[in-house]
Amino acid sequence: MSCALALNDVHKRFGRTAIIRGVSMTLSAGERHALIGPNGAGKSTLFNLVSGRLAPDRGRIELAGNDITGKAPFEIYRRGLSRSFQITNIFHHLSVFENLRCAVLWSLGYRYAFWRSLERLADARSRAEELIERIGLSERRDTIAATLTYAEQRALELGITIAGGSSVVLLDEPTAGMSRSETERTMRLLRHVTEGRTLLMVEHDMDVVFGLAERISVMVYGQIIACGTPEQIHANVEVREAYLGTATMEPV
Amino acid sequence: MLSSGLTLIFSMMGVLNFAHASFYMLGAYCGYQISDWLGFWPGLILAPVTVGVCGAAVERYGLRALHTRGPVAELLFTFGLSFVIVEVVQVLWGRPPVPYRLPPELDGSLFTIYSVDFPRARGFVMLVAGLILGALALMLRYSRVGMIIQAALSHPKTVETLGHDVPRIHMLVFGGGAALAGLAGAVGGAFTVTEPNMGAQIGAILFVVVVVGGMGSLAGAFFASLAIGELDAFAKVIDRSPADLAAALGAPIDPTSPLYGLWSLTLSQSAPVLPFLLLVIVLLVRPRGLLGKREDR
Amino acid sequence: MSAVKQLRWLPWVSGAVLIALVPAIFSQGFIRLLFAECAIMIVFALSYNLLLGVSGMLSFGHAVYSGFGAYATIHALNWIGRSHVSIPVTLLPLVGGCGALLAGVVLGFVSTRRSGTAFAMITLGLGELVGACWLMFPKFFGGEGGIAGNRTVGAPLFGVSGWNLGSDLQIDYVVGAWCFASIAAIRALLGTPLGRVANAVRDNPERAEFVGYSARQVRWLMLIASSFFAGISGALAALNFEIVSAENVGALRSGEVLLATFIGGIGYFHGPILGAVVFVFFAVALSQWTKAWQLYLGLFFVILVLRAPGGLAALLERAAIVLRDFSALRRRAGVLGTKTAAAILSLGGLILLVEMTYHRTLEATGGTVVRVFWTDFDTGHLGAWALGGLLLSAGALTFGWLHRQELAAWGPDPSATSGGETR
């Protein structure tokens, strides 16, 4: 099985504090992988390192065999990796439709075109409309993004992330702050939308983790202490002590 | 000296202050008016106070409302304000320079080295500058107020939860910076000339000093202003151009070649441009400035 | 559906009609001067808004590009005159645009490396740099006197002799046509992928990077586009006034376009157009009536920044919304009327005080009497000052009190919006 994403002994420190202390992971193509761990373990930092927001001090990150260590975010995106953000990161003055249209433009090859009329680009429009349907925001198509509710903004956030059709998708706490029903809807959406894609997500909601993930990595204090299938992780004593607590958890 | 006040304020507020050069000018005009009524020395004390109050008012009623809207709004506001202040000064005191002079006690020379007179006036200006800088540095470093200000610099929310009135601190710091600028103006205007254009003239160089020295660093501003002053003086003395250099090296440039006008520029002719060239280079290469600590947003 | 579509053509048609009729009817005098200045400023402000409103880039040195365009044009004009080349002068704005575009490519490469405050400061520095250069290159900048030209050279337009821009009417039509074409081109640019992505970079440059766009590249391209149109506006100024001097590149001009654009409203396509017209009115018309027009302009600008950052376009939109809601309007009519009266009174008081002060400072030799609002006031008499002060304070206090009352009763204005993809 080909390797979609590989991290090799990645290190990062801020000032004198080491946040990521030697992380190695491999994700196969099409795998759904969850990254869990207590707060402050460094999960968001790891995402930032992979997606180009930060550059690692040491180590190597490869996307489908290409070295993306320390590259700029737009370069990494163009090679097929996109990510969502824990704190919603949308284009607040544009409408939902415009948000999504901007997100698809590059992947459709339009780049910095200043000689073509946006309205005439039928594929950009239809992609954006399709996405709006998928994420369930059809009624809010022309609403300015800043005026959406929190849940709607999270949905838009997800929509922007998957808009370009990247083969590797990183999701940072996609169901944070959602109610039970919203979470289940999002899970169904995620399952549907990431078919055939490689997914790496950070999650705290264990139902989501055990329901979606094929493999789980547990991160504590900047290191991966365990990696395996949900059953293996569930049974792992170290993990239970460090994170899951001693209460029994039923996999969904 | 001006730069230190400006630096302090920028570090505090995160805004490069267009209006600061206007506070300098206001200080000069207030100094003039007050010394007209009460004499130079009362003017020297009252003018900075007046300008400081104005500065605090500007912060309280203007800038405070704009914090949430971002640096662009703050820049626009101080830009507009500086424009208005120049106009107000013209309405009140007219366009020509006003006769604001240092008092006769400061005439004459302080001492003489190698038959070159060192004027008392210059010594006085340097003394005031040094006192201010020193007081500022000491206060920031060692006093409790200084610590609070430094903390509020980097973590305003935390300082707020500790019970300090951060908006009030902002207002006091801004007013303090304005007062400093006013003092500089009260002295500088008497030392040189007091006219409506003085703010714009000094404002440009001020930016260069602050940006080159590094935002957030008093020492940086100090070194930068020294460096730029030296660069200016040095360049003005050199009456040679790259064309002369080429000729001296045995490969003279043909006078009819298209860019000869450029190559035959002497360094002294290009002196006014050098500070801005330096500004642009520094902003490109090391945007934090020589000793700056603050990251660009 | 077709009614809406027809409505969209209305501003374009009426604009074209205006451009066709105004120079013909007002063939000399004041309105003619306003027409030319407006056309030039409209293009300049629209180009500036490509940076500020569309891409979120605040520049304090935009006159550098319009100035380069002006100088390129005047030099080209003189070259045509000298070498008797048969090029129609009406095409010269393209030369101006390209000259400015070159400057935009080079200087923009430097300035767009940073964003936000640092970018603004770099543009200030670059503006000062160019301004400081003008004495160093007298052959290009023309020194104190600037460079003069004669636009009645080169080939006549379409080969029709007599169409050589000799008359005011002809130059007005040329300027008007270029203005119209520029407005259309900028409108079109905003409807392209680049235009929309520029909005995205303005709103959230980081996220734009995470959907594949280099924010820096986008900013550079937008600056290049903006400099091109600024160059056209400079070229029009060069052709219209037949002289270009350091004023065309100076910091004052950069400040003017910033004021004009912001006053109009940076979140709307028509905002800069509105702002340009208002600015020209202040500068050309108001300056005839009072010497303090710059003070009024500055105060207006500051109040807008503090209270109505959406500019005049936003205020008009809000007014339209308020006026359409008849029932609420009837309820508030009394308060609104009183507020308006209070505002007018305090404005009157302010003007009175300012004019009197100005008179005493600048025209003291002309006696103590000054004419304000078609009435004579004696600045030596305390009564006039008291009246001014009373009007100003009473009006302002009343307005403020009423405003607070309304806020308490109705809550903040829900129709207040802030920008969007430029409408």
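In what order do the six strands of the open sheet in chain A run? The legends below start there. The model is predicted.

**View 1. The open sheet of chain A has mixed pairing.**
The six strands follow the order S6-S7-S8-S3-S9-S10. Strand S6 (81-83) and strand S10 (223-228) of chain A stand at the edges. Each has a single partner strand, so one side of each lacks a neighbour in the sheet. From one strand to the next, the twist averages 15 degrees.

**View 2. Strands S3 and S8 of chain A pair in the parallel sense.**
Strand S3 of chain A covers residues 32-36, and strand S8 of chain A covers residues 198-202. Four bridges join the two. A:Leu35 has A:Val202 of S8(A) as its bridge partner.

**View 3. Helix H1 of chain A lies across strands of the sheet.**
Helix H1 of chain A spans residues 43-51.

Most residues other than glycine have a negative phi. A:Asp9 sits in strand S1 (residues 3-14) of chain A. Is A:Asp9 buried or exposed, or in between? A:Asp9 is partly exposed, because 13 C-beta neighbours fall inside 10 Å. A:Tyr221 belongs to the loop between S9 and S10 of chain A. With 15 C-beta neighbours inside 10 Å, A:Tyr221 counts as partly exposed too.

**View 4. Helix H2 of chain B is largely enclosed by the rest of the structure.**
Helix H2 of chain B runs over residues 19-38, 20 residues in total. From first C-alpha to last, H2(B) reaches 27 Å. That is close to the 28 Å expected at 1.5 Å a residue. Of the 20 residues of H2(B), 16 are buried, so the helix is largely enclosed. B:Gly39 follows H2(B), with a positive phi near 110 degrees.

**View 5. B:Phe234 lies in helix H10 of chain B.**
This helix covers residues 218-237. B:Phe234 is partly exposed, because 13 other C-beta atoms lie within 10 Å. B:Ala271 is 37 residues apart from B:Phe234 along the chain. The C-alpha atoms of the two are separated by 8.9 Å.

**View 6. Helix H4 of chain B packs with helix H15 of chain C.**
Two packed helices are described by the angle between their axes and the distance between the axes. For H4(B) (residues 71-93) and H15(C) (residues 326-362), the angle is about 55 degrees and the axes are 7 Å apart. The two helices are therefore oblique to each other. H4(B) contributes B:Val91, B:Leu92 and B:Trp93 to the contact. H15(C) contributes C:Val354, C:Thr357, C:Tyr358 and C:Thr361. By class, five of the contact residues are nonpolar, two are polar and none is charged.

**View 7. Chain C touches chain A.**
The contact involves 26 residues from chain C and 33 residues from chain A. On the chain C side, helix H8 (193-203), helix H9 (205-210) and helix H10 (215-241) each supply at least two residues. H8(C) gives the largest share, seven residues. The chain C side has 11 nonpolar, nine polar and six charged residues.

How values were computed. Residues are numbered from 1 along each chain as its sequence is written. Chains are lettered from A and ligands numbered from 1 in the order in which they are written. This is a predicted model: local features need pLDDT of at least 70, side-chain atom pairs count only at pLDDT 80 or more; totals for chains, interfaces and linings use all residues. The expected span of a helix is 1.5 Å times one less than its number of residues. A residue is buried if 20 or more other C-beta atoms lie within 10 Å of its own, exposed if 12 or fewer, and partly exposed in between; C-beta atoms are placed from the backbone. Two residues are in contact if their C-beta atoms, placed from the backbone, lie within 7 Å. Ala, Val, Leu, Ile, Met, Phe, Trp, Tyr, Cys and Pro count as nonpolar, Asp, Glu, Lys and Arg as charged, and the others, Gly among them, as polar. Axes are lines fitted to C-alpha atoms, for helices over the stretch in contact, and angles run from 0 to 180 degrees between N-to-C directions. Angles under 35 degrees count as roughly parallel, over 145 as roughly antiparallel, 65 to 115 as roughly perpendicular and the rest as oblique. Two strands pair if DSSP finds at least two bridges between them.
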